Amino acid sequence: MNKKVKIAPSILSADFSKLGDEISDLDKTDCDYIHIDIMDGHFVPNITIGPNVIKSIRGYTDKTFDVHLMIDPVKKFIPEFANAGADIITIHHEIKENVFDSISVIKEFNKKVGISIKPSTPAKVVEKYLDYTDLILVMTVEPGFGGQDFLHKQLDKIKDIKGMIGNKKIDLEVDGGINLNTSKKAINAGANVLVSGSTIFQCSEYKKIIKDLRNV
Ligand code: DX5
Ligand code: ZN
C-alpha cells in the first residue's frame, strides 16, 4: 500500500440532494481530503456552490476541506471561504488579479495555500510560488466539469514540477480524469494527492474504490 498517496474525492460528482449523507459516507472512508470545486461561470464555464454550502457540510466531518477556487476575482471572497471551514484554499495562477495578494489573505487566515495551473500553462510558472505555497494543483482536464478524459500530455509537466519541488514539503495534486488506470500514471510521474470525482461517486462502494485508487 502506497501510504504516501492521498486521495481527495471531489464532491462535484456527489448527489447534491443528499450532500450531508454523502459527506458522512466519505467520512467513514480513509480518504484524506474532501475536494470542493467552486466555479463562477466566468473564470470557468460552469457554476457550482458558494461558502454557505461549505459551512452547511462542515459539521459532517473533520477531514481536511480542500477548496479549489476557479473564480476571478477571488481575493475578496477568501475570508468567507476561510470562515466557512476551508482548510486548504487553492487559487489559479491564470487569474487577472495579483496572485500574491490572495496568498497573503489565505495566510492571514492561517489556511494552507494551493496554486493551480490549467493544462495550457507551462510548469515553469510554478517556480515563483515554491516558497509561498503548501500545494500545487496540476489540472489534467480543462477546469469546469467532471467526467472528462485525462490529458496525458500533462504527465511530463507533473514530472517537471516534482523535480522543482524536490525535498520541499509541498503536496503535488492532480485533478481531472483520475481512474484506476490514470492514477497509476499520475503517481509514477510524482503526484502525491489524487482528486477524483466521477470515478469515486459512480462506484457504490466508496471505501473500496478509494482503497483501490491508492493501491494501484
Ligand atoms: C474540474 C474539477 C475537478 C472535477 C474532477 O474542473 O476541478 O475537481 O471534479 O472530476 P473527475 O474526477 O470526474 O474528472
Ligand atoms: Zn477541482
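Reader: How are the donor residues of the zinc ion (ligand 2) spaced in sequence?

Author: The spacing of the donor residues of the zinc ion (ligand 2) is H-x1-D-x30-H-x106-D, where donors are N, O and S atoms within 2.8 Å of the metal (3.2 Å for Na, K and Ca), and water is not among the atoms, so sites may look incomplete. Strands (E, at least two residues) and helices (H or I, at least four) are DSSP runs, numbered from the N terminus.

Reader: Before I go on, where do these numbers come from?

Author: This is a predicted model, in which local features need pLDDT of at least 70 and side-chain atom pairs count only at pLDDT 80 or more, while totals for chains, interfaces and linings use all residues. Residues are numbered from 1 along each chain as its sequence is written, chains are lettered from A and ligands numbered from 1 in the order in which they are written, and side-chain values use heavy atoms, with hydrogens and water left out.

Reader: Which atoms are the protein donors of the zinc ion (ligand 2)?

Author: They are His35 (NE2), Asp37 (OD), His68 (ND1) and Asp175 (OD), which lie 2.0 to 2.3 Å from the zinc ion.

Reader: And is His35 buried or exposed?

Author: His35 is buried, with a relative accessible area of 0%, and Asp175 also counts as buried, at 8%; buried means under 20% relative accessible area, exposed over 50%, and partly exposed in between (1.4 Å probe, protein chains only).

Reader: New topic: where does Asn110 lie?

Author: Asn110 lies in the loop between α4 (99-108) and β5 (112-117), and it counts as exposed, at 69% relative accessibility. Asn110 has a positive phi of about 60° although it is not a glycine, whereas most residues other than glycine have a negative phi.

Reader: What about Ile78, what is it in contact with?

Author: Ile78 is found in helix α3 and is buried, at 0% relative accessibility. Leaving aside neighbours within four places in sequence, Ile78 is in contact (heavy atoms within 4.5 Å) with Leu69, Ile89, Ser102, Val105 and Ile106. The C-alpha atoms of Ile78 and Asn110 are separated by 12 Å, the two residues being 32 apart along the chain.

Reader: Last one: which peptide bond is cis?

Author: The bond from Asp72 to Pro73 is cis, with omega near 5°, and Pro73 lies in the loop between β3 (64-70) and α3 (78-84).
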